Amino acid sequence: MDLALDAFSSVSDELLLVAFGNGDMDAARALTMRLTPRALAQAARMLGGDRAEAEDVAQEAMLRLWKVAPEWRQGEAQVTTWLYRVVANLCTDRLRKARGVGIDAIPEPEDDRPGAEAGLQDAARARALDAALAGLPERQRQAVSLRHIEGLSNPEIAEIMDIGVEAVESLTARGKRALAAALADQRAELGYEDG
Amino acid sequence: MAEKPPLSDLELDDLFAAKRRTAPAPAPALMARVLADAAHVAAAQTAAPRATAAPEGLMQRILGAIGGWPGAAGLVTASVAGLAIGLATPEAIETLTSDYLGAANAFELDDFMPSYGGLFEEG
């Protein structure tokens, strides 16, 4: 699988999707490697860390991507933006059906590098950030995650969330302020000294 | 008790980076399920044209009833010939109809022969 990923690393998501639409399974493998982790990460954040449900959402979003491939209109939308939007809608539907996933439900992130001190500190910081994110209103959490963790641009986020760019800026600004305040008490645990 | 200052943007960015670094990789089983879906969709899409042949249209049904394209060609030829005959009004028919209506009592043999002499007269 690494081989397929390397072979396609310079090919855009869109070209891969068109190739899959023409029946190219190598393109499907490359897209799976590239996009499934991002869909899963977004779903996990939006659903408050419910891993099994996030996996269901990621699989469903990717299935919709496969189905849309033959009719994909090149140049109209970015594949990632489209996918994030589908994930966001699927998560919103699920959250509406089952309200109230508490912070307690957030599982401990799996540590891929046990024993490494830097890895442990990263894990502790990520866990604290997860807890603080879970305390934000849903829209703020989504906007902050897409902007600062996924690294998307404000116009992309606006398209995904179906709102204006200014609304995105406002949501991310308020979200970041709330995070900064919520995490203030944990400075020492996070490894930041008091100013 | 003094409130602690909020985290700075730099510190927050550091947390976001930590979050990105620790994002767990998707389970291989999930990747396998996603790929299996792709294979199913690809297979369904290549099979689709055979599985769902387009329903027969009105034109196809009419053609079938008259024997396909050769039948349609014959029908068109006959229609055009009929129209030409109607427009030309051969003399034989004129003779017969006018005399019949005029109560003529005898017809010559050539009255029954088709003639298009009228078509060639200068008008």
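This tour walks through a predicted model, one selection at a time.

**Stop 1: chain A as a whole**

You will find 10 helices and 0 strands. Read from the N terminus, the elements run α-α-α-α-α-α-α-α-α-α. Chain A has 195 residues, and 46% of them count as buried. Now look at contacts between residues with a separation of 6 or more. In chain A, 65% of these join residues 24 or more positions apart. Switch to a surface view. Chain A exposes about 9500 Å², with 49% supplied by carbon and sulfur atoms.

**Stop 2: the largest nonpolar core**

Which residues have the most contacts inside the largest nonpolar core? Select A:Phe20 and A:Trp66, and you have them. This core has 48 residues. In chain A, they include helix 3 (25-46), helix 4 (51-68) and helix 5 (79-97).

Zoom in on A:Trp66. Leave aside its neighbours within four places in sequence. Within chain A, A:Trp66 is in contact with A:Phe20, A:Ala28, A:Leu31 and A:Thr32. Its contacts in chain B include B:Val34, B:Ala38 and B:Val41.

A second, separate core has 16 residues. Among them are A:Leu129 and A:Leu133, along with B:Leu12 and B:Phe16.

**Stop 3: charged pairs**

Side chains of opposite charge can pair when their charged atoms come close. Over all chains, the structure holds 15 salt bridges. Visit three of them.

Select A:Arg38 and A:Glu150. They form a salt bridge, with the closest N and O atoms 4.0 Å apart. A:Arg38 sits in helix 3 of chain A, and A:Glu150 in the loop between helix 7 and helix 8, so the pair ties together parts 112 residues apart in sequence. Are these two buried or partly exposed? A:Arg38 is partly exposed, at 29% relative accessible area. A:Glu150 counts as buried, at 15%.

Move on to A:Glu53 and A:Arg94. Their side chains meet in a salt bridge of 3.3 Å, N to O. A:Glu53 lies in helix 4 of chain A and A:Arg94 in helix 5, so parts 41 residues apart in sequence are tied together. A:Glu53 is partly exposed at 28% relative accessible area. A:Arg94 is partly exposed too, at 27%.

Now select B:Arg33 and A:Glu55. Here the salt bridge is 3.4 Å, N to O. This pair crosses between chains, from helix 2 of chain B to helix 4 of chain A. B:Arg33 counts as partly exposed, at 31% relative accessibility. A:Glu55 counts as buried, at 14%.

**Stop 4: a nonpolar patch on chain B**

Select B:Leu58, B:Ile62, B:Ile66 and B:Leu75. They form a nonpolar patch on the surface. Together they have about 370 Å² of accessible area. Which helix gives the most to the patch? Helix 3 (residues 58-66) of chain B does, with 3 residues.

Finish on B:Ile62, which is in helix 3 of chain B.

How values were computed. Residues numbered from 1 in each chain as written. Chains lettered and ligands numbered in written order. Predicted model: local features only at pLDDT ≥ 70, side-chain atom pairs only at ≥ 80, totals over all residues. Heavy atoms only, no water. Core = buried A, V, L, I, M, F, W, Y, C linked by side-chain atoms within 4.5 Å. Buried < 20%, exposed > 50% of the residue type's maximum accessible area, 1.4 Å probe, protein only. Helix = DSSP H or I, 4+ residues; strand = E, 2+ residues; numbered from the N terminus. Contact = heavy atoms within 4.5 Å. Patch = residues over 30% accessible without salt bridge, like charges linked within 9 Å, V, L, I, M, F, W, Y side chains within 5 Å. Areas by Shrake-Rupley, 256 points an atom, 1.4 Å probe, with all protein chains shown as cover.
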